[in-house]
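Notebook open, structure loaded. I want to go through the core first, then the helices, then the sheet.

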Amino acid sequence: MNTTINEKNTFATWEVINPTIIPITCWEVLSEEIDGEHSFLIEYYKKCRRGQAPYIVGRELATQLEGLIQLIINPPGDVVFNLDRPHKRIKFIESEIKHFEAPFAGDPFILSLWQKAYIEALFGFLYLEEEIDEYVNLFQESILLIARKNGKTPFIAAIVLADWFCGEMGYKALCASNNYEQASLLFDCINYFREESKRIEKVTRANIKGIFFGNPKQKKKHGKHTRQNKGSIKKMSAKGTGREGRNIKTAAADEIHEAVENTMFLQIQTSLSTQKNPLYIEITTDGTIREGYLDQRKEYFRKILTGVEVNRRILIWLYTQDSEDEVYR
């Protein structure tokens with residue numbers, strides 16, 4: 001489905017791949033405020049619809065964005081959109097986390113608009129779980145597929161650290177990948193962010209087993225940011241041992257395009273199943289291993305995007321090209 005917009009002699013085509021989703025009209029006047037707060041998701045959507053560089057997205061992400069905006073405008077009775085949780089994490093990242101590698105070492109981690117929009121989508125939509133009569137994350141899973149050298153590993157590391165620090169007592173997170181080296185990249189990135197922040201470093205500690213709350217120099221012995229909090233961040237690889245029997249709230253799997261089979265990822269999802277509000281994030285580039293784990297996942301995600309399958313608990317964020325012409329726009 002196509003919508004052509006002519007705005008100040010700039011033409012853009014907004015196309016979605018789900019026939020049940022009809023792009024909204026009059027999107028130019030859509031308010032970017034929700035209850036008095038600015039929404040980065042709505043701002044990003046509007047800039048993508050204009051189609052001006054660098055805000056050019058493919059049909060797959062356009063479909064997801066269109067669905068999200070329509071969910072904000074006309075939510076079902078069991079879904080609400082609230083900016084408190086995502087903005088708390090955005091503020092934490094930009095105020096507490098600093099880069100550790102040249103040429104930006106020591107600089108604050110200032111998020112790009114697309115990153116803020118992703119965080120808003122991931123944490124802003126809440127779903128009323130009738131069994132426990134509580135609002136939980138609408139999106140319990142997410143896939144972020146983006147080209148190399150776009151900072152996806154530091155970005156997800158920042159999200160995990162922010163959610164762990166801002167989350168509840170006993171919050172356990174896991175960094176996973178197909179091999180130990182890649183899992184270590186994500187885990188080490190989180191730890192370096194921790195070390196760069198005086199506030200975080202003062203109330204946490206790290207060793208070969210993981211990252212934990214509580215610092216030996218702390219005088220305070222009770223509270224969320226002390227040893228009383230048994231939350232942790234650890235790492236795991238597909239080639240390691242001890243992958244079963246874990247009880248985790250959040251897992252981030254890095255570079256899943258390298259995986260041939262799905263055993264480790266199924267074990268992670270099993271470990272998340274005991275939580276009432278779990279979060280599983282997969283981040284990757286589009287690899288070269290055919291019929292591997294990523295190809296299986298993309299096939300399922302695309303069935304959701306096109307409306308063949310229905311699963312509203314997965315946030316699908318795919319930066320894919322529709323044609324080579326986009327390179328030159």
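This is a predicted model: local features need pLDDT of at least 70, side-chain atom pairs count only at pLDDT 80 or more; totals for chains, interfaces and linings use all residues.

**Core.** I started with the largest nonpolar core: it has 74 residues, and Leu41, Tyr44, Phe125 and Trp317 touch the most other members. Helix α5 (residues 152-166) gives the most to this core, eleven residues. For the record, a nonpolar core here is a set of buried Ala, Val, Leu, Ile, Met, Phe, Trp, Tyr and Cys residues joined through side-chain atoms within 4.5 Å. Buried is under 20% relative accessible area, exposed is over 50%, and partly exposed is in between (1.4 Å probe, protein chains only). Helices (H or I, at least four residues) and strands (E, at least two) are DSSP runs, numbered from the N terminus.

Residues are numbered from 1 along each chain as its sequence is written, and side-chain values use heavy atoms, with hydrogens and water left out.

Next I looked up Tyr44. Skipping neighbours within four places in sequence, Tyr44 is in contact (heavy atoms within 4.5 Å) with Tyr55, Val57, Leu61, Leu65, Leu113, Trp114, Ala117, Trp317 and Tyr319. Another core lies apart from the largest one; it has 23 residues, including Ile248, Ala259, Ile316 and Leu318.

**Helices α1 and α2.** How do α1 (residues 40-50) and α2 (residues 59-73) pack? I get an angle of about 135° with the axes 10 Å apart. Axes are lines fitted to C-alpha atoms, for helices over the stretch in contact, and angles run from 0 to 180 degrees between N-to-C directions. On the α1 side the contact uses Leu41, Ile42, Tyr44, Tyr45, Cys48 and Arg49, and α2 brings Leu61, Leu65, Glu66, Leu68, Ile69 and Ile72.

**Ile90.** This one sits in helix α3 (residues 84-96). Is Ile90 buried or exposed? Buried, since its relative accessible area is 4%. Beyond residues up to four places away in sequence, Ile90 touches Phe40, Leu111, Lys116 and Ile119. I also checked Glu101, eleven residues from Ile90 along the chain: their C-alpha atoms are separated by 21 Å.

**Sheet.** Eight strands make an open sheet with mixed pairing, in the order β10-β11-β12-β9-β13-β14-β8-β15. Two strands pair if DSSP finds at least two bridges between them. β10 (204-207) and β15 (314-318) are the edges, each pairing on one side only. From one strand to the next, the twist averages 15°. Helix α8 (residues 263-272) packs on the sheet and touches β8 (141-145), β9 (172-177), β12, β13 (250-254) and β14 (279-284), with its direction at about 155° to that of β14.

I then zoomed in on β8, where five of five residues are buried. In a regular strand the side chains alternate between the two faces of the sheet. In β8, Glu141, Ile143 and Leu145 are on one side and Ser142 and Leu144 on the other. β8 runs parallel to β14, with five bridges, and Leu145 stands opposite Thr284 there. Five bridges also join β8 to β15, again parallel, with Glu141 opposite Ile314.
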